[in-house]
Amino acid sequence: MKNILRVLPFLFLSLTLWARQDEPATPEALKEETARIAVVREAIKKTVMIQVAKDDSFIPLGSGGIVSADGHIVTCAHVVEAASMVGVSEKDAFRVVLSDGKRLEAKLVAKNSKNDIALLKIEAEKLPHFDLSEKRPAK
């Protein structure tokens, strides 16, 4: 997985440049694509794969985003509900795989099926995370 995450930004650049093959490759366009790659690399660090244990193996259920330095992860409710589809209780522990390959047990904190959102928690500190605080420019 770690190797795939390293290749994603370059794949993103290749696909973007291919999609724009009719446009001339200008220094400005390359600078813009380089900035996009930096954003993708930062996002990858803050994204996890969510798994559940079943019969001595782990089944991937989906992905989530780290939203706090101490390990809160937001995902879709249908991701955690998929555990029951493979015969595992949602109350059982989930496992998340960080972008660096580290695997940690996660617990379901809350779920709202109507709005398709769920919150998991891992025991960790100083994690890279998406900042969800609202920032408005000064008037």
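Mentor: What follows starts with the sheet, moves to the helix, and ends with a few single residues. Keep in mind that this is a predicted model.

Start with the strands. Six of them form a closed barrel, in the order β1-β2-β3-β6-β5-β4, and the pairing is antiparallel. Neighbouring strands of this sheet are turned against each other by 45° on average, with direction ignored. Strands of a sheet pair through backbone hydrogen bonds, either parallel or antiparallel.

Now the helix. α3 packs on this sheet and touches β1, β2, β3, β4, β5 and β6. The direction of α3 makes about 110° with that of β5. α3 covers residues 77-85, and Ala77, Val79, Val80, Ala82 and Ala83 in it are buried. An α-helix has 3.6 residues a turn, so residues three or four places apart point the same way. The cover over the buried residues of α3 includes β1 (47-54), β2 (57-66), β3 (72-75), β4 (94-97), β5 (103-112) and β6 (117-122). Just after α3 comes glycine 87, with a positive phi of about 85°.

Next, a residue in one of the strands. Threonine 75 lies in β3. Its relative accessibility is 4%, so threonine 75 counts as buried, the cut-off being under 20%. Leaving aside neighbours within four places in sequence, threonine 75 is in contact with Val80, and also with Ile50, Ser63, Gly64, Asp116, Ile117, Ala118 and Leu120. Val80 is one of the buried residues of α3. A polar atom of the threonine 75 side chain lies 2.7 Å from the backbone oxygen of serine 63.

Glutamine 51 counts as buried because its relative accessibility is 7%. Apart from neighbours within four places in sequence, its contacts are Phe58, Ile59, Pro60, Leu61, Phe94, Arg95 and Val97.

Two residues on that list also meet each other. The charged end of arginine 95 sits over the ring of phenylalanine 58, 3.4 Å from the ring centre. As for pairs of aromatic rings, the structure holds 0 of them.

Technical notes: Residues are numbered from 1 along each chain as its sequence is written. This is a predicted model: local features need pLDDT of at least 70, side-chain atom pairs count only at pLDDT 80 or more; totals for chains, interfaces and linings use all residues. Side-chain values use heavy atoms; hydrogens and water are left out. Buried means under 20% relative accessible area, exposed over 50%, partly exposed in between (1.4 Å probe, protein chains only). Helices (H or I, at least four residues) and strands (E, at least two) are DSSP runs, numbered from the N terminus. Contact means heavy atoms within 4.5 Å. A polar contact is a pair of N or O atoms within 3.5 Å; within protein, one must be able to donate a hydrogen and the other to accept it, and residues adjacent in sequence count only if both atoms are side-chain atoms. Rings of Phe, Tyr and Trp (its six-membered ring) pair if their centres lie within 6.5 Å; planes under 30 degrees apart count as stacked, over 60 as edge-to-face and the rest as tilted. A charge sits over a ring if NZ of Lys or CZ of Arg is within 6 Å of the ring centre and within 35 degrees of the ring normal. Two strands pair if DSSP finds at least two bridges between them. Axes are lines fitted to C-alpha atoms, for helices over the stretch in contact, and angles run from 0 to 180 degrees between N-to-C directions.
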